[in-house]
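Open your viewer and get ready to select. This is a short tour, stop by stop.

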Amino acid sequence: MAPAEESDVIVRLVDLRKTYMAGSLPVPVLKGLNFTVRRGSFVGIVGTSGSGKSTLLNILGMLDVPTSGQYLLENIAVETLSDTELAIIRNRKIGFIFQSFNLFPHLTIEQNIEVPMLYGRVPARIRRARALELAQKVRLGHRLGHRPTQLSGGECQRVAIARALSNNPAFLLADEPTGNLDEKTGIEIMDLFHKLNQEQGVTIIMVTHNPALESHYDQVIRLRDGLIMEKFSAEGLHQ
Amino acid sequence: MMLPRDLLQLSLHNLLLHKVRSILTSLGVIFGVGSVIAMLAISEGAKRKALSQIEAMGIDKILVYAKKPSVEGTGENAEETGTTERYGLTSRDLVHIRQMDNVERVTLMHDTRQKVRKGIDRMDLKLVAVGYRFLLDSNSRIEQGRWLSPADYKQQSMVCVIGQNVKRKLFNLGQTDIVGSVLRIGQQVFTIVGILHNDNGTQYPELGSPNDMILIPTTTSDAVFGSYSFTMFGRQTRVTLVDYDLFIVTTHEIMHIDDTSKRISAYLQKTHDKVRDWDVLVPLDLLKQREATQNIFTIVMSSIASISLIVGGIGIMNIMLASVYERRKEIGTRRALGAQKSDILVQFLIETVTLTSLGGMLGVVMGIGISQLITLYADMPTVYSIWSIVASLLISSLVGVIFGTYPAWKAAQQNPITVLRAE
């Protein structure tokens, strides 16, 4: 493994801890995590329920802040930021993809893809052009005027991926993206992620409990009880 | 924060999604604003009507009038004899009042107390002797023919001008040769020279509207009737002696009208030996009083109406709170995609304010409709001012801000982690 240049590191966690309070009783969920994610990599965070992966996902997605330790996103220390600044960074740097797609049912596909750009204050004309480009990228260019209810699950997730890409984020953060899909569609979606990662160099962090997907990742972080149990890279796979 | 246009579009889009719900939600505000507008229109209409009646008597005028003293009075008057009754304003009063400061002129009115008949039917009309300036001072106009001329006064001509109701009551509809025809009253015959019209609703105390009067020159009246009038009471003849029934006092300075009326009262009090056979009426005072009571009425009525606005606002708040709960997953998703708390807050606030503002507009339309119906069917004048419409619209938007802030704040405070997990 070639020594990573600093500018290549997108995400760096340093002794990251998260403790919830159950009444007056502290419950540690994340007990000191250290890892880095480099630009262009496809990282899988794997763990059973209760391993702390949801909490880690929320922290990586800046919906939650760590109790102690550091989370650096492109060398910005997240814990020092205000709520508004977090929202701005979330908007620009992170592309969320949810298990249940979370599309807005009353908006068209085009409008759904545009939502993050709305919050990024992108002018309407540019938004529309970008939405079309992204829809074509996920092979839904012909369905821009449709609504999510007219689409299959796989197509919905493709819309969600297009939406996540709309502000050119630093990385995609996918939460069990194939969890609500049948096996065949799931594979299609994973192939799409793969293609984006390989051809466009999109950085992807995927949180899942499904060990069957591990072959897709070039870095796997396995969590158990709030600690990294195993961390391995499938080096050479793409190099 | 989102671009304002996008934010507005987003909020309106959400309202259009639930058209029926949006309308039902704003129903409270619609009715609230509607009733406020209708209430203000009705009370403003009533006020205008009352004020114009008072104003028609002249705001620079003081009316001094004779009043028949009550029988259980002090007993100092000639009532005791049972045959002659003397009261009212005298020539001495006239001379004195004419000399007062701030009095520009005094126009006389004297009820001749002659019975006016049509055939054998007694009509409710008065034969009144008036001064030359009466036409001007009573705010009337000549509809046909002419007013009594100075020559008529000089020559004590047997001419009269009739009010428009007199024309209606004494003549047939469509009769055109009224001016120039004659009117027989008692033993006297008067030539009608003109028809007078008073469209201000002027009502003189004790004498009523000029429209119900047959007007003759004071000089003629003095010559043919004098100040005495005779009334039959069973087998007894009662004599009533009243010099003048009413002085229309025109003042120079409205500012000092109170002072002048007080001095007139003081003078009459002194010279009439404490017999209350007179009274003073200042239309301006009446106007002020009426205005004050009307304003209180307006305030009370619109306060009651605005309670329904508050109730409407609370209704909207409830529905918006329910809507926040229902849409918490949408809120969570928006937050994850980069919406700031302020984006969510403003989105929900715009939704509520739009609801109440649209409700306000519909309410204005409804209020105008209601007041039109009232004018049409209840024959009450209604006046809606631009002011009340603008105020209602502003207030309904304000209701949106007041009752929308809490739900919007609540929406912005939703924790994205929890609401995204809730399925």
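**Stop one: a helix in chain B**

Select helix α9 (residues 283-326) of chain B, whose 44 residues should span 64 Å at 1.5 Å a residue; its end C-alpha atoms are 63 Å apart, which agrees. The expected span is 1.5 Å times one less than the number of residues. Helices are DSSP runs of H or I with at least four residues, strands are E runs of at least two, and both are numbered from the N terminus.

A note before moving on. This is a predicted model: local features need pLDDT of at least 70, side-chain atom pairs count only at pLDDT 80 or more, and totals for chains, interfaces and linings use all residues. Residues are numbered from 1 along each chain as its sequence is written, while chains are lettered from A and ligands numbered from 1 in the order written.

Now color the buried residues of α9(B), among them B:Leu309, B:Gly312, B:Gly313 and B:Ile316. Buried means 20 or more other C-beta atoms, placed from the backbone, within 10 Å of the residue's own.

**Stop two: a sheet in chain A**

Show the strands of chain A. Six of them form an open, mixed sheet in the order β6-β7-β8-β3-β9-β10. Strands pair if DSSP finds at least two bridges between them. Find the edges: β6 (94-97) and β10 (227-233) of chain A each pair on one side only.

Zoom in on β3 (residues 42-47) and β8 (residues 204-208) of chain A, which run parallel over 5 bridges. Here A:Val46 stands opposite A:Thr208 in β8(A).

**Stop three: where the chains touch**

Which elements of chain A give two or more residues to the side that touches chain B? Select α2 (83-93) and α3 (109-119) of chain A. α2(A) gives the most, with 5 residues.

Definitions and conventions
Buried ≥ 20, exposed ≤ 12 C-beta atoms within 10 Å, placed from the backbone.
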